[in-house]
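Open the model in your viewer and keep the selection panel at hand. The tour goes from one selection to the next and says what is found at each stop.

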Amino acid sequence: MSVALPDTPFSGHATSRVPDAEGRFGEFGRRFVPETLMHALEELTVEYAKAKADPSFQKQLDGLLHTFVGRPNPLYFAERLTHECGGAQIYFKREDLNHTGAHKINNTIGQTLLTLRMGKKRVIAETGAGQHGVATATACARFGLPCVVYMGEEDIRRQKLNVFIMRTMGAEVRPVTSGSRTLRDAINEAMRDWMASVEDTHYILGSVVGPHPFPMIVRDFQSVIGKEARAQCLEATGRLPDEVVACVGGGSNSAGMFYPFVDDTTVELTGVEAGGRGPKAGDHASTLTFGNKGILHGTYSYVLQDEDGQTADVHSISAGLDYPGVGPEHAYWKDTGRVRYVNIGDMRALHTVEHVARTEGILPALESSHAIAYALERAKQRKPSDIIVVCLSGRGDKDVNEVARLTGQEL
Amino acid sequence: MAFMPFIAAGDPDLPTTARLLKELAASGADLIEVGFPYSDPIADGPVIQASYTRALAKHVKLKEIFVTITSVSREIQSPLVGMVSYAIIFRHGIDAFVQEAKAAGFAGLIVPDLPGDEASGFAALMAKHELDLIQLVAPTTPPDRAAKILKHATGFVYCIAVAGTTGVRKELAPQLAEMLKSLRTQTALPLAVGFGISAPDQIHHLKGKADGVIVGSAIVKLLENLASDPSKTDAVLRDIGSFAKTLADAAHT
């Protein structure tokens, strides 16, 4: 299996000074939601701006990220993989070492503090694979906030471990039985709850999707990934990386990883989408590669849909990348050429889990394995003096059942 | 007071939709809302969502909806207003959609996920084609926002009775009367109330406060019976017709 590698030189012009006051990233973003939610979104925009400018809010957030989440996590030199590829030096940003095992908690801690600041008494969230649900349940438990997590019935079946963890943390997991019974429907259901509960409830959206200001807020809270990685790379190697790589589903770990590098025009940025079983509609979740401009879940971005605007079915081995939309900032980065988007298929991601485990002693999540698989291929084409930094967005414990099943092993 | 029922196009199929529109018109509907099935209708509760899902499961296409409406709109007096997600309009092409809606005989459109802030360009296009763009005002809309929204409103103002999704509710929000009173001072357009309305006594309660009522889920629910047994079509259409007549009478007296 070969990786679709770019042959054109990098040339992108994008700015980090987005979105504007209307939530526009270039032409993308904005708000396409029922009127009932508009006031809450305006209020959230104002409150977030105040929080962002408030040093005591930042101090409280930084403190929690340090003592509760375990930040900063390391930038790790993957020595044996680098040696094996015989090209560029490969570094992993270790988001898998965060409390709860993935990058998702960076955002939920921030948004939980916002919830408290706004005086809202209840939190709702959606989850696909369950990582965002666990991270939300964890942050809510830490602050004693009641939490309801919407999760597709199909995902509940596939991710029993995370459902158990959420319930142990005191969250209520509500099964979603409509539509495809996966992440997309969980978002619909959370939005419906919010329409009726908006006065006293905050919706902690888990990715850089949805109406403004969510794509900006989630990106900002996740930007700690890229900020740390940038500083750590400078410290370890004396210079910036040549390429930064992250997987893209809705696009939160990648947005957080890329954003602090957007104005570093010498750094190539590559987002890796889920190639699934192949390029046929319904077989993948490569929204930026195969999708068209459109509207989903309150934002204008790229989306996988049919010619009538009906959202398409998607597939990926990884439940965290299995989403038919993508954050509007990614759409902006794609169209400006600032980030290049490629895709990696199911089987390659699956084999990379085992390969990384055996070579580096790290068990990556299936999501992160998509990014690593691309980076390993890319490293071979680069000089030994080049540096590639990959976001290892989460650990693979949650995937062991699925990996065992697909590789014909018994647990 | 005007009675405005809502149904989803293509549930259980478009020929039945055509018959249903005629039945509603004959039962006294002053205007009929036609929902365009959408895969991700976040403003809708379980009943309308299920209706959309049934229609999409049978692969109802946009083109066919316009064909059906083109023939029905010539045969009935009640104006037809499309209820359609901006996701569908945008994907089809904004200009093309508006032109085709006009050609099919729609009198206007309600675009529930295109809030007033985003609507100015679309409102101008609709005006150019002499189609009404119905704007929604929610119980959560502050008065200064309502003023901005009303700037682009034509036809009537869709007043959302309760914070939440569409669907039958026993009681309407206590602040609804206040909201209607306040809107009355801000616009000369008729005020129609929707979301949660299902019974004649709710309609009576709105007399003197609103100019119209929109009933969706309570009607659409009756179509659920057809999903499993298409042979009931005549009976279900009759039931819907008599239910609609009860509501129309409540509105008109």
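A cavity, as the word is used here, is a set of grid points where a 1.4 Å probe fits but cannot get out, and its lining residues have an atom within 4 Å of a point. Keep in mind throughout that this is a predicted model.

**Stop 1: the largest cavity**

Select β5 (122-127), α5 (131-143), α8 and α11 (252-258) of chain A; each of them supplies at least two residues of the lining of the largest cavity. The volume of this cavity is about 390 Å³. Its lining has 33 residues, and those closest to the centre are A:His103, A:Lys104, A:Ser252, A:Gly320 and A:Leu321. By class, the lining of the largest cavity holds 11 nonpolar, 17 polar and five charged residues.

**Stop 2: the second largest cavity**

Now go to chain B and select B:Pro41, B:Ile42, B:Ser85, B:Pro112 and B:Asp113, which lie nearest the centre of the second largest cavity. A total of 23 residues line the second largest cavity, and the space in it comes to about 250 Å³. Its lining is made up of 16 nonpolar, four polar and three charged residues. How many cavities of 30 Å³ or more are there? The count comes to eight.

**Stop 3: where the two chains meet**

Show both chains and colour them separately. The contact takes 35 residues from chain A and 37 residues from chain B. Between them, chain A and chain B bury about 3,000 Å², with 51% of it on carbon and sulfur atoms. Select A:Glu35, A:Arg192 and A:Asp308 next: they supply 24% of the area that chain A buries against chain B, more than any other three residues.

For the charged pairs, select B:Lys61 and A:Asp306. These residues form a salt bridge, and their closest N and O atoms are 3.9 Å apart. The count of salt bridges between chain A and chain B is seven. Across the interface of the two chains there are also 23 residue pairs in polar contact.

Which elements of chain A each supply at least two residues of the side that touches chain B? They are α1 (35-53), α8 (183-197) and β11 (292-296). The largest share, seven residues, comes from α8(A). Sorted by class, this side of chain A has 11 nonpolar, 11 polar and 13 charged residues.

**Stop 4: the second largest pocket**

Select A:Gln310, A:Thr311, B:Ser39, B:Leu56 and B:Ala57. Among the 22 residues that line the second largest pocket, these lie nearest its centre. The pocket contains about 430 Å³ of space. Two elements give two or more residues to its lining, α8 of chain A and α2 (46-57) of chain B. With five residues, α2(B) gives the most. The lining of the second largest pocket divides into seven nonpolar, nine polar and six charged residues.

**Stop 5: the largest pocket**

Move to A:Arg158, A:Gln159, A:Asn401, A:Glu402 and A:Arg405, the residues nearest the centre of the largest pocket. Its lining has 23 residues, and about 540 Å³ of space lies in it. The elements of chain A that give two or more residues to this lining are α6 (153-158), α7 (160-168), α14 (346-360) and α16 (400-406). Of these, α16(A) has the largest share, five residues. The lining of the largest pocket holds seven nonpolar, six polar and 10 charged residues.

**Stop 6: a salt bridge within chain A**

Select A:Asp220 and A:Lys52, whose side chains meet in a salt bridge, 3.2 Å from N to O. This pair links distant parts of the chain: A:Asp220 is in helix α9 (residues 214-222), A:Lys52 is in helix α1, and they are 168 residues apart. Over all chains, the count comes to 53 salt bridges.

**Stop 7: backbone details in chain A**

Finish with the backbone. Select A:Val18 and A:Pro19: the peptide bond from A:Val18 to A:Pro19 is cis, with omega near 0°. A:Pro19 is found in the segment before β1 (24-25) of chain A. The peptide bond from A:His212 to A:Pro213 is cis too, with omega near 15°, and A:Pro213 lies in the loop between β8 (201-203) and α9. Last, select A:Arg30, in the loop between β2 (28-29) and α1 of chain A. What is phi of A:Arg30? The angle is near 70°, a positive value in a residue other than glycine.

Technical notes. Residues numbered from 1 in each chain as written. Chains lettered and ligands numbered in written order. Predicted model: local features only at pLDDT ≥ 70, side-chain atom pairs only at ≥ 80, totals over all residues. Heavy atoms only, no water. Contact = heavy atoms within 4.5 Å. Buried area = accessible area lost by both parts, 1.4 Å probe. Salt bridge = Lys/Arg side-chain N within 4 Å of Asp/Glu carboxyl O. Polar contact = N/O pair within 3.5 Å; in protein donor to acceptor, adjacent residues only side chain to side chain. Helix = DSSP H or I, 4+ residues; strand = E, 2+ residues; numbered from the N terminus. Nonpolar A, V, L, I, M, F, W, Y, C, P; charged D, E, K, R; others polar. 1 Å grid on protein atoms, 1.4 Å probe; cavity = no way out; pocket = protein on both sides within 12 Å on 5 of 7 lines; lining within 4 Å. Points joined across faces, edges and corners; volume = space filled by probe spheres on them.
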